Amino acid sequence: MERMPKEFFGKPTLELAEELLGCELIKETEEGVASGYIVETEAYIGAVDKAAHSYDYKRTKRTEVMFGEAGYAYTYVMHTHCLVNVVSGEAGEPEAILIRAVEPVQGIDLMYERRGDKKEKDLTNGPGKLTKALGIVKSDYGHLYGEPPLYIAKGFIPEDISVGPRIGIENSEEARDFPWRFWVTGNKFVSR
DNA sequence: GCTTCGATGCTCT
DNA sequence: GAGCATCGAAGCG
């Protein structure tokens, strides 16, 4: 297994969002290792994106990590769920890539334990589901991807990639139409 | 304190 | 497969 070097994350956000598809996202815990291939991502570019927490360079305790260098984890707790992003873009630019879906690879038994007795497809086909399945928690906030317990490694090369508008941001005016969602065409673990 | 953020997992069909 | 109730934390004033 080959971990991504920090330099991998040092490219434009939209480009990185596409290249993350097929990469393996790995989380190590005391219970064991769980991982999955990333099959769906969304880019958030705070400077122009009303759907982002960091819109208009709004700097808070929560968005702070997005202003830093690329390659760090931005975990965001919403309700009972936890969503995970990869910080991208130049330092000072609040940009990140939300991981929306993965395909289970390692520790599938562990995922069933965490998620309950569901179909395999339901383990990780949503942003809140995959964090629970992999055991990603709020305290992973600010962790650098590349070091255990949370990191990204090479996976597979997607045959075909689709691009389209993002999901769940209807209240974000023109930002809702930005084609900043990427997914592996035809993969059944994509959320929809 | 009140508002603001959206996904999950029911149920019903 | 569609509609709806429900859930917690952070920001802001």
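Strand β2 (residues 32-45) is joined to β5 by 10 bridges, and the two run antiparallel; strands are DSSP runs of E of at least two residues, helices DSSP runs of H or I of at least four residues, both numbered from the N terminus, and two strands pair if DSSP finds at least two bridges between them. This is a predicted model, in which local features need pLDDT of at least 70 and side-chain atom pairs count only at pLDDT 80 or more, while totals for chains, interfaces and linings use all residues. Residues are numbered from 1 along each chain as its sequence is written, chains are lettered from A and ligands numbered from 1 in the order in which they are written, and side-chain values use heavy atoms, without hydrogens and water.

**Strand β5**
- Tyr44 stands opposite Ala96 of β5.
- Strand β4 (residues 81-87) also runs antiparallel to β5, through 3 bridges, and Val86 has Ile97 as its bridge partner.
- Because 9 of the 12 residues of β5 (residues 95-106) are buried, the strand is largely enclosed by the rest of the structure; buried means under 20% relative accessible area (1.4 Å probe, protein chains only).

**Asn125**
- Asn125 lies in the loop between α3 (121-124) and α4 (127-134) and is buried, with a relative accessible area of 7%.
- Leaving aside neighbours within four places in sequence, Asn125 is in contact (heavy atoms within 4.5 Å) with Arg100, Ala101, Phe189, Val190 and Ser191.

**DNA strand C**
- Sugar and phosphate make up 54% of the atoms of DNA strand C that come within 4 Å of the protein.

Technical notes: Buried < 20%, exposed > 50% of the residue type's maximum accessible area, 1.4 Å probe, protein only. Near = heavy atom within 4 Å.
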